[in-house]
Amino acid sequence: MEEGAVISKVVKVDSEEAWESSISQANNQGFPVFVHFTASWCVPSIAMNPCFEELATKYQHMMFLLVDVDELKGVASKMEVKAMPTFVLIKDGKVMDRIVGANPEEIKRRIDTFLQTHHQPNCD
């Protein structure tokens, strides 16, 4: 079911190279990036994973990344993320929003709000 540039999937980032590659691809294509920094042992993080699949289906022009803070300590410290589940929205390489704690409803609200305020058609 790979058609064209379907970006609506959740990508598990498992190396710093994969992180850099995903972020630069999103920047080049103008996609906002939604990152869920998880700790593999943390129950709320695990519970968030199905929420991300659902969000990726709804918001197909965005990139969704999952990053395990235990595996990628470098990226986690660069993004100022500790073991607590953290959601980060990145656009054009900048952090636009951050939620500490995994609350799917709050995250959906933040995404909708972000889109209403930042996502105009390309009329620059």
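**Exercise 1.** How many aromatic pairs does the structure hold, and how is the one formed by Trp19 and Phe37 arranged?

*Solution.* Before starting, note that this is a predicted model, in which local features need pLDDT of at least 70 and side-chain atom pairs count only at pLDDT 80 or more, while totals for chains, interfaces and linings use all residues. Residues are numbered from 1 along each chain as its sequence is written, and side-chain values use heavy atoms, with hydrogens and water left out.

Step 1. Rings of Phe, Tyr and Trp (its six-membered ring) pair if their centres lie within 6.5 Å, and planes under 30 degrees apart count as stacked, over 60 as edge-to-face and the rest as tilted; the structure holds four such aromatic pairs.

Step 2. Trp19 and Phe37 lie 5.9 Å apart, centre to centre, with 45° between the planes, and this pair is tilted.

Step 3. Helices (H or I, at least four residues) and strands (E, at least two) are DSSP runs, numbered from the N terminus. Because Trp19 lies in helix H1 and Phe37 in strand E2, the pair ties together parts that are 18 residues apart in sequence.

**Exercise 2.** Decide whether Trp19 and Phe37 are buried or exposed.

*Solution.* Buried means under 20% relative accessible area, exposed over 50%, and partly exposed in between (1.4 Å probe, protein chains only). Trp19 has a relative accessible area of 5%, so Trp19 is buried, and Phe37, at 0% relative accessibility, counts as buried too.

**Exercise 3.** Describe the aromatic pair of Phe34 and Phe87.

*Solution.* The two rings are stacked, at 5.7 Å centre to centre and 25° between the planes. This pair links distant parts of the chain, with Phe34 in strand E2 and Phe87 in strand E4, 53 residues apart.

**Exercise 4.** Which residues of the largest nonpolar core touch the most other members?

*Solution.* A nonpolar core is a set of buried Ala, Val, Leu, Ile, Met, Phe, Trp, Tyr and Cys residues joined through side-chain atoms within 4.5 Å. The largest has 21 residues, of which Trp19, Val35, Phe37, Leu65, Val67, Met79 and Ile90 touch the most other members. Helix H1 (16-29), strand E2 (33-38), strand E3 (63-68), helix H3 (73-78) and strand E4 (86-91) each supply at least two residues of this core. Apart from it lies another core, of 18 residues, including Phe64, Leu66, Leu89 and Ile111.
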